[in-house]
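Thank you all for coming; I would like to walk you through a structure that is new to this group. Please have a look at it on the screen first, and then we will go through it step by step.

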Amino acid sequence: MKYTIQSFIPLLVLLFQPFQHAKAQEEKAPKISYKELILMYGDIEYNSDGEREWHFTNTGNAPLLITSTKGSCGCTVAKYPKTAILPGKSGVVKIKYDTKRVGLISKTVTITTNEPEGKNVHVVTIMGRVKEAPAKPGNSKPK
């Protein structure tokens, strides 16, 4: 009986080895962390600076790459770092909204990273309001 149990030990080790390997791979991964997913513009002037910054940190243990960003419409564009963000380091995505569009702002920017599948898409929402354009001199309506 003792001989039979001992012969199963190597078999059990072989069976659990793939799980240990998968766990080791999972542990070595980038992870993006941030304080918020909403950027508040507030009330801003017509044709003013529509650029804001979204800050993040790589809290994982492998280099983080932002592979793409996509605005929900042509009025919202984002610039992101093209180089890897090392573990423990921070980065910035610059998001610009076209402030020549009067009214409420409610747009999104989808950020895709090299994080493990299912955790690699982050959606940042921008909110605010662009005020009416100032009246041009000589274009006022008579009362």
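What percentage of the 143 residues of the protein count as buried? The value is 27%, where buried means under 20% relative accessible area, exposed means over 50%, and partly exposed lies in between, with a 1.4 Å probe and protein chains only.

Before going on, please keep in mind that this is a predicted model, in which local features need pLDDT of at least 70 and side-chain atom pairs count only at pLDDT 80 or more, while totals for chains, interfaces and linings use all residues. Residues are numbered from 1 along each chain as its sequence is written, and side-chain values use heavy atoms, with hydrogens and water left out.

Of the contacts between residues at least 6 apart in sequence, 67% join residues at least 24 apart, a contact being heavy atoms within 4.5 Å.

Let us turn to the interior. Not counting residues up to four places away in sequence, Trp54 touches several residues, among them Ile32, Leu39, Val93, Ile95, Ile111 and Val124.

Next comes Glu115, in the loop between strand 7 and strand 8. What is the nearest side chain of opposite charge to Glu115? It is Lys31, 5.7 Å away, and Glu115 is buried yet has no salt bridge, which would need a side-chain nitrogen of Lys or Arg within 4 Å of a carboxyl oxygen of Asp or Glu. The side chain of Glu115 does, however, reach the backbone nitrogen of Ile32 at 2.9 Å, and the side chains of Glu115 and His122 are joined at 2.6 Å.

Finally, Asn47, in the loop between strand 2 and strand 3, has a phi near 60 degrees, a positive value in a residue other than glycine. Most residues other than glycine have a negative phi. Asn47 is partly exposed, with a relative accessible area of 45%.

Key
Helices (H or I, at least four residues) and strands (E, at least two) are DSSP runs, numbered from the N terminus. Lys and Arg count as positive and Asp and Glu as negative; His and the chain ends are not counted. A polar contact is a pair of N or O atoms within 3.5 Å; within protein, one must be able to donate a hydrogen and the other to accept it, and residues adjacent in sequence count only if both atoms are side-chain atoms.
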